[in-house]
Amino acid sequence: MKNTVNGNTSGIKQNTLDRIADIYELTCAPHEFISEELIEALCQFTRLIQREISIYISRDGRVVDVSIGDAQKVSMPGMRLVRNEDRLCGVRCIHTHPSGDGRLSGVDLGTLRSMRLDAMVAIGVKNSNPVSIYASFVGEIKDDERTVVTYGPLNAKRIPHVALLEEITAADERLKSTTKDVVEAKPERVVLVGIENNESYDTLEELKELAITAGAQVVGKSLQRKRSIDNATYIGSGKANELTLYGSEQEADLFIFDDELTAIQQRNLEQILGVSVIDRTTLILDIFASRAQSREGKLQVELAQLKYRLPRLLGQGEALSRLGGGIGTRGPGEKKLEIDRRRIRRRIFELEEELSKIEKQRGLRRESRDKNATPIVALVGYTNAGKSTLLNALTGADVLAENMLFATLDTVVRKVTLPKGMNIMLSDTVGFINKLPHDLVNAFRSTLEEAANADLILHVIDATSSYYERQMDVVDEVLCGLGAGDIPRINVYNKTDILEDGQVLPSDGVKISALTGKGIDGLLAEIENKLNSDRVELDLVIPYSKYDCLHWLRREATILEEEHEAEGTRVKLLLDRDSVWKVKKTLSTESDT
């Protein structure tokens, strides 16, 4: 089999490539870390082509790979001869720097750690001569980060072969000892990628919070200057190649993009970056899947995931284009792509049927509440604004309330008695967020319609957020989309206990701290005033002969006091102004009789 020179070989003559391929024939003796012959060959060819050259050397001294880069970088293919995860990979990487500077870059060190190389060596080359040599090895773990041990600058004529070879053995032991101590899996290391836009706030910072909520470790961010979206790679091939080096330097396991990617963009990016790629929508869906507790919530999340995945099957390539086997698949057959599409469509239909039944049950409960004339107050707001904490403060409920995005997803309804005795049903809904996936809004529509059917909306706002005004706009947009834009509302500015000194909030709404209870009494009074703004207080005596009227009042009005007297039942109540005439007409008819 012919030895192949990998990497960026464009523009290099074939006879030159053949000569470079002869490097495969060179070896290192058992006592040599790298032979002088190999150093000389790498330096000569680096000067000849003015590009970096990289070789991988196995522990028995064989050259197992030769690659060419450009003046700034060299491709470093995955190479692992030792399969144990708690051992080094069994090869050391030797590469040149045409600039003459042999110091190892962040990309070099990141690749050393992520690939678990025996060693990473850089040779600074100038006029075919090795100016300086640096060699790094996997070190101990310090502050949850893997350190490196570096030797250099070294003289090419006086390489400390024994010390460097012994360092490989020591690095192997360091890796082995620390790996065995690991009990829990380390979080994925992710890099966030976005494009500048006209937004007045940092969307990547919010994406960072989402990633942390999902259990990831954010190790880097990359913001592309505003430009048109590239149909093939979203950010352009040049920027994608830059991210490849940045990802290697940061030892990234995953790239998360701040906008929704097409199937083609995701596939192309994964091919370029060499690691998994997801978008903001996938991340939010993943968080929802981990947070949903009720049967309805789990069904809604699964429905949203399938609807998101269905149009993206095509971008998954040849893996979904193989023919199925067995009876009924011969002849033209049915490709795996069509099989998966059919299965997903069938599952979507099943989920929609199940959710339809649940929605009917929800509708019956809603009708029951309407018959009892109990006002419904819905808590809405941006995720992590403190809705669940406020629900707990108002009702004594034990709903999960944590300082994280989407801590709770399932709708919770609790009864609350206001200061003057009026009862309301307080409903907590799922939090909103910028760029909330369309499929997710549709899947949770039945849950979100709790807000659309409310008599009053409490818009909970995180007053400590630097971008709370933008967050308010996002909530308004979603509410208008649900047809709840005209429902009376109270702006509730939460977390005022931790406001920065001098921060001024708008004069509208109520300022509270759901955590400490500050302002809660004022909020309850404001809820009562708002609900009663179109109601009047009446003190009536309902004759016993008009029991139907009393029954109607119990259903339509809020009874504050009720006492039985000789003439009839005396009630003090709150009733809509538009309904007062009905009561007066009924009672006046009785008196005329």
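The model is predicted, so local features need pLDDT of at least 70 and side-chain atom pairs count only at pLDDT 80 or more, while totals for chains, interfaces and linings use all residues. Residues are numbered from 1 along each chain as its sequence is written, and side-chain values use heavy atoms, leaving out hydrogens and water.

Strand β12 covers residues 376-381 (strands are DSSP runs of E with at least two residues, and helices runs of H or I with at least four, numbered from the N terminus). Six of its six residues are buried, so β12 is largely enclosed by the rest of the structure (buried means under 20% relative accessible area, exposed over 50%, partly exposed in between, with a 1.4 Å probe and protein chains only). Ile 376, Ala 378 and Val 380 point one way, and Val 377, Leu 379 and Gly 381 the other. In a regular strand, side chains alternate between the two faces of the sheet.

Ile 376 has Met 425 of β14 as its bridge partner, and Gly 381 stands opposite Val 460 in β15.

The structure holds zero disulfides (a disulfide is a pair of cysteine sulfur atoms within 2.5 Å). Cys 89 is buried, because its relative accessibility is 0%. Its sulfur lies 9.5 Å from the closest cysteine sulfur, that of Cys 93, which is too far for a bond.

Finally, the axes of helices α5 (residues 203-213) and α8 (residues 280-291) come within 10 Å and cross at roughly 35° (axes are lines fitted to C-alpha atoms over the stretch in contact, with angles from 0 to 180 degrees between N-to-C directions; contact means heavy atoms within 4.5 Å).

How values were computed:
Pairing = 2+ DSSP bridges.
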